[in-house]
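Morning, everyone. I have one structure to show today, so please look at the screen.

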Amino acid sequence: MNIVSFNVTKKCNLYCEHCYRNSKEDVDISDELTTEEAKELFRDIKKSGFNMLKLSGGEPLMRSDIFELAKYAKDLGLFTALGSNGTLITENNIDEIKKYINSVAISIDSTDKNRHDAFRGYNGAFDETLRGIKLLRDNGIKFQINTTISKINLGEIHELLDFAEELGASSVHVLFLVMTGRGKNLDRVYLTKEEYTRAIKEVLEYESDLFIKPTCAPQSTVIAREMGLDPRVRKACIAGTNYCSVVYDGRVNICPYAEVEAGNLREESFYNIWKDSEVFNNLRNFENYKGRCRTCNFNEVCGGCRARAFANTGDYLEFDNYCSLGG
């Protein structure tokens, strides 16, 4: 699967502590791509060989033309997903979601409503998210749960996975906090390398029919094999090879969590950026990587987290210092 994540807006009705886009409700949206610019992007995404488009934000349901865009993408033959906090899924828009969206990803960061609400910066977020999930489930719309692991919820990984099963999710993406956006100010909740590795193992050991994927944790592919488990993906970090991010103002980045710009849609087409950008071409050749990520025996299945390397060193090709592998 080749995937583009498009942050359609920087507006959001919540104020999450770890938001990688520093999104909030009261922001100027005059620099966001227009409807026609977004449609041109979608045509180029299809031309470039991508088959999945993730519409995220901010909160994508705050963009007035979101369903026009979703319909256009789906009509192009793109698998169209929506990344949402779930609070704005209502009876008023559930029919359009069902019509134009293939799958919805909903963020839940704790089974404790007060802890979730505090992390999301909005009292009542947990209950409103569950109401949105119920609407998805009642209307037969496929949804996954995204949960970001930090010291805040490190002790409830098993409970979060149980909860996702109880809710009827089709899959869970367990993300690991990257120091970007407002997350730069969360030193107090970053996992240590040892906690990170233990958390990956706990996720991998969880027995379920759900598709459960550690995300922003590329070492999980190797750890899974060492544990005699199916790593579920061929290569964990696919930034620049099968994945990239488009920001609301036209910047094309290597992933949503790394502000590494490969080009800008207002200067060049997505097709040309994806094909010819020096940044993307660097990511496609491990000889360009640095430190242990260049020499590692596992770089073809891991690759290190390019966002974490960039956050820690300012160089997206550097060694991912969360790595505990001996390769």
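Predicted model: local features only at pLDDT ≥ 70, side-chain atom pairs only at ≥ 80, totals over all residues.

Residues are numbered from 1 along each chain as its sequence is written, and side-chain values use heavy atoms, with hydrogens and water left out.

Start with strand 4, residues 103-107. Strands (E, at least two residues) and helices (H or I, at least four) are DSSP runs, numbered from the N terminus. Five of the five residues in strand 4 are buried, meaning under 20% relative accessible area with a 1.4 Å probe, protein chains only. Ser103, Ala105 and Ser107 cover one side, Val104 and Ile106 the other. Strand 4 runs parallel to strand 3 (residues 79-84), with four bridges between them; two strands pair if DSSP finds at least two bridges. Leu82 has Val104 as its bridge partner in strand 4. On the other pairing, four bridges join strand 4 to strand 5, residues 143-149, also parallel. There, Ala105 is partnered with Gln144.

Now the rings. The whole structure has ten aromatic pairs, counted when ring centres of Phe, Tyr or Trp (its six-membered ring) lie within 6.5 Å; planes under 30 degrees apart are stacked, over 60 edge-to-face, the rest tilted. Phe270 and Trp274 are stacked, 6.5 Å centre to centre with 5° between the planes. Because they are four residues apart in helix 9 (residues 270-276), about one helical turn separates Phe270 and Trp274. Both are buried. Ring pairs also link Phe270 and Trp274 with Phe50 and Phe280 in a cluster.

Methods:
Buried < 20%, exposed > 50% of the residue type's maximum accessible area, 1.4 Å probe, protein only.
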